[in-house]
Amino acid sequence: METDMKSYWNNRYEEGTIWGTIECPSAVLAHQCFEEQLVKNIIVPGCGYGRNSLYFAQKGFKVMGFDISNRAIHYALDQSNKFSLENLKYKVGSLFNLDFLHDKEFDGVYLSNVIHLFLKEERKQLIEIMTSLLKPGGILALSCISVYDTANYGQGEEIEPNTFMKHKNKLLHFYSEEELHDILSEDYQIIQKKLHTQTELDPSGKKETLKLWFVAAKKKIKRID
């Protein structure tokens, strides 16, 4: 699976900055939340070519970004070097194997449009991995496509409930409010949840507007009896 994913994303990033260089709307929302919650160091899994990581670093956070695509990370490093940002680091690595990370506890995780690209068991595993990266009381900020995205929901073959193969080799899982609560309630207190839109190019090169959830949740501090 990881070899296929690396090949897929390397091929996509051959086109360069496929979604532009401006930070995502959810990154702006996450920045506001991170500031309010006194977050200092952030990890950005699946960071792509680094537009959101660069945004956070320029806002003063200590940032670690990683992506399975070495092509994307090469571009991200080139961009960060132009700004001589000592608070921004990148690595090539998989979402599902964190052996490449030395520091594994962060104040904040920013997961942009990643979790909806997987099947149910992988989505569950991914949430567990993100939780393992956070300090108690840390903030998970994520964006994911919603069931209210009527322009895209139901397009293509349905692989699992609310999960469709609209484009070749790219799944989209559409989240309901209830499902977000279910996957986060055990380990998190949800502190913000809202719908927002994001316009970008799809794999065929056409412009599309996505209706996404933004969720910020605080990792619970669990008592040890």
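**Close-up views of charged and aromatic residues**

**Figure 1. Lys166, with a relative accessibility of 27%, counts as partly exposed.** The model shown here and in the following views is predicted. The side chain of Lys166 meets that of Glu208 in a salt bridge, with a distance of 3.5 Å from N to O. Lys166 belongs to strand β7 (residues 163-167) and Glu208 to strand β10, so the pair ties together parts that are 42 residues apart in sequence. Glu208 is buried, because its relative accessible area is 12% and a residue under 20% counts as buried.

Figure 2. Because Arg123 lies in helix α5 and Glu179 in helix α6 (residues 177-184), the pair ties together parts that are 56 residues apart in sequence. Arg123 is buried, with a relative accessible area of 5%. Glu179 likewise counts as buried, at 19% relative accessibility.

**Figure 3. Lys135 and Asp107 form a salt bridge in which the closest N and O atoms are 3.2 Å apart.** Strand β5 (residues 134-145) holds Lys135, while strand β4 (residues 106-112) holds Asp107, so parts that are 28 residues apart in sequence are tied together by the pair. Lys135 counts as partly exposed, at 32% relative accessibility. Asp107, at 16%, counts as buried. A search of the whole structure finds 6 salt bridges.

**Figure 4. Lys219 is buried yet has no salt bridge.** This residue lies in strand β10 (residues 207-219). The nearest side chain of opposite charge, that of Glu105, is 5.6 Å away. A salt bridge requires the nitrogen and the carboxyl oxygen to be within 4 Å. The side chain of Lys219 instead reaches two backbone oxygens: that of Thr131 at 2.9 Å, and that of Leu134 at 2.7 Å. Leaving aside residues up to four places away in sequence, Lys219 touches several others, including Lys135, Pro136, Asp187 and Tyr188.

**Figure 5. Helix α5 spans residues 120-133.** At 1.5 Å a residue, its 14 residues should span 20 Å, and the end C-alpha atoms are 20 Å apart, which agrees. Among the buried residues of α5 are Glu122, Leu126, Ile127, Met130 and Leu133. An α-helix has 3.6 residues a turn, so residues three or four places apart point the same way.

**Figure 6. The structure holds 18 aromatic pairs.** The rings of Trp9 and Trp19 have centres 6.1 Å apart and planes at 65 degrees, so this pair is edge-to-face. The pair links distant parts of the chain, since Trp9 is in helix α1 (residues 2-13) and Trp19 is in the loop between α1 and α2 (25-36), 10 residues apart. Both Trp9 and Trp19 are buried. Phe56 and Phe61 form an aromatic pair that is also edge-to-face, at 6.2 Å centre to centre with 85 degrees between the planes. Phe56 is buried, with a relative accessible area of 0%, and Phe61 is buried, with 3%.

**Figure 7. One aromatic cluster is formed by Tyr8, Trp9, Tyr13, Trp19, Tyr49 and Tyr75.**

Terms used. Residues numbered from 1 in each chain as written. Predicted model: local features only at pLDDT ≥ 70, side-chain atom pairs only at ≥ 80, totals over all residues. Heavy atoms only, no water. Phe/Tyr/Trp six-rings, centres within 6.5 Å; stacked < 30°, edge-to-face > 60°. Helix = DSSP H or I, 4+ residues; strand = E, 2+ residues; numbered from the N terminus. Buried < 20%, exposed > 50% of the residue type's maximum accessible area, 1.4 Å probe, protein only. Lys, Arg positive; Asp, Glu negative; His and termini not counted. Polar contact = N/O pair within 3.5 Å; in protein donor to acceptor, adjacent residues only side chain to side chain. Contact = heavy atoms within 4.5 Å. Expected span 1.5 Å × (residues − 1).
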